[in-house]
Amino acid sequence: MEEMKKGLEGVVALDTKISYIDGIQGILMYRGVKIEDLVDLPYDAVSYLLINGKIPNESELSEYSQELKDNRIINGKQIDVLKEFDFGVEALDGLRTAISCTAHFDLENNHHSPDANKNKTIKLVAKFPTIVAALHRASFDKEPIEPKDDLSHGANFLYMLTGKIPTDLEAEAMEKDLILSAEHELNPSTFSLRIAASTLSDLYSAVICGLCTLKGPLHGGARKGVMDMLDEVGNIENARPYVLNKLERKEKIMGFGHRVYKTYDPRARIYKDVARRLSIENGDTSWFDLAEELENILYHEFVEIRGKPIYPNVDFYSAVVYKYLNIPAELATSIFAMGRVSGWIAHCMEQYADNRVIRPRAHFV
Ligand SMILES: CC(C)(COP(=O)(O)OP(=O)(O)OC[C@H]1O[C@@H](n2cnc3c(N)ncnc32)[C@H](O)[C@@H]1OP(=O)(O)O)[C@@H](O)C(=O)NCCC(=O)NCCS
């Protein structure tokens, strides 16, 4: 039998046309387009690109956006179910149950035709933000806010969360966040979702698999971990003792390190710029300054002293962006999923189109 690779490190499990990562040079492409060239597009266009394989032209984008807008709303029965949740649970647990509930209300749930999958795709991408916002409001006994058609995917989410129309920069930040979260090759959640899809399970079930895997603190849960860390450190003076203490106890610092990137994560660079601009618009740069101080200290500790290529990953400055958008830490993983759902669906479709059950072997000891 082949040599076992712990954590499947470096193992190539399949061919994909959806994204490309060069972890040494710090390059990320969706469908062959560099992430830096995608972040100024609307999220809808990037979602379309991931799922359909091409950047939409004007009429394709307007049709896709309209379909999403037409499907943003969730029905009254579903809202009643959300209100019954025990809000002691983590937001991601609520989202997982809510998506399962969406599947129950979809008569096409177990239909596998291309048309049924297209309809399910639109519903999933469109309803994720509505569900996350409604769940959050329900946890405070607040009624959901109806989506607003004249707002982008990201801006509408912020509006449904708070009832306030976001500033242009806040709307831009949310759109960019969803784009930067949308896809990342065979990360753990996408891999788990492709395994589910490879058994020809339905799209909702596969997406729920992705959600369950995203939840962990070594994956999507790290973003909440960074937000909690920023709160715990509190100010620049505490940054160095906090970090040194963690490293001495051999604890992981959330938002740093990556299985594939051995250099600066290209998404972190874009988030950093957005975080800086938001801090200036806010008139309070303290979260940004604290994060930059942590980055500098950790560069010294990891790279200069220990010679380890451990840099900020996608979760580090995204957490700072969320701080400035007043997003509660417990929503961080759910919002990550709102963006990632387009990439997940693209991977499901790719798996269905050329399927072989994913079933590796274990080495018996
Ligand atoms: C992402 C992550 C799981 C990648 O893990 P991996 O490829 O399995 O690498 P390892 O966890 O084996 O780390 C390799 C070495 O770097 C260290 N390391 C990696 N990330 C670290 C971090 N964030 N803080 C402290 N040490 C870290 C490990 O302790 C290990 O040290 P050792 O060789 O002395 O044992 C890991 O970097 C991590 O746990 N990061 C924090 C969580 C996070 O931000 N996750 C989001 C990923 S996008």
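A polar side-chain atom of lysine 252 lies 2.8 Å from an oxygen atom of the ligand, which makes a handy place to start looking around. Before going on, note that this is a predicted model, where local features need pLDDT of at least 70, side-chain atom pairs count only at pLDDT 80 or more, and totals for chains, interfaces and linings use all residues. Residues are numbered from 1 along each chain as its sequence is written, and side-chain values use heavy atoms, with hydrogens and water left out.

**Around the ligand**

There are 17 residues around the ligand, and Lys252, Ile253, Gly255, Phe256 and Arg259 come nearest. To count as near, a residue needs a heavy atom within 4 Å of the molecule.

| Residue | Protein atom | Ligand atom | Distance |
|---|---|---|---|
| Lysine 252 | polar side-chain atom | oxygen | 2.8 Å |
| Isoleucine 253 | backbone N or O | nitrogen | 2.7 Å |
| Glycine 255 | backbone N or O | oxygen | 2.8 Å |

Taken alone, the ligand exposes 840 Å², and the protein buries 66% of that. These accessible areas come from the Shrake-Rupley method with a 1.4 Å probe; for residues, only the protein chains shown count as cover.

**Rings that pair up**

Now for the aromatic rings. Rings of Phe, Tyr and Trp (its six-membered ring) pair if their centres lie within 6.5 Å; planes under 30 degrees apart count as stacked, over 60 as edge-to-face and the rest as tilted. By this rule, the model has seven aromatic pairs. Take phenylalanine 288 and tyrosine 317: their ring centres are 6.0 Å apart and their planes sit at 35 degrees, so this pair is tilted. It links distant parts of the chain, with phenylalanine 288 in helix α13 (residues 286-305) and tyrosine 317 in helix α14 (residues 314-324), 29 residues apart. Helices here are DSSP runs (H or I, at least four residues), as are strands (E, at least two), and both are numbered from the N terminus.

Tyrosine 317 also forms an edge-to-face pair with phenylalanine 316, at 4.9 Å centre to centre and 80 degrees between the planes. Both phenylalanine 288 and tyrosine 317 are buried, and phenylalanine 316 is buried too. Buried means under 20% relative accessible area, exposed over 50%, and partly exposed in between (1.4 Å probe, protein chains only).

Strands pair if DSSP finds at least two bridges between them; β1 and β2 (residues 27-30) have four. Tyrosine 20, for example, has methionine 29 in β2 as its bridge partner.

Which helix holds aspartate 177? Look in α7 (residues 168-180). Aspartate 177 counts as buried, at 0% relative accessibility. Its side chain joins that of tyrosine 322 through a polar contact of 2.7 Å. A polar contact is a pair of N or O atoms within 3.5 Å; within protein, one must be able to donate a hydrogen and the other to accept it, and residues adjacent in sequence count only if both atoms are side-chain atoms.

Lysine 215, in the loop between α9 (203-214) and α10 (222-233), is partly exposed at 29% relative accessible area.
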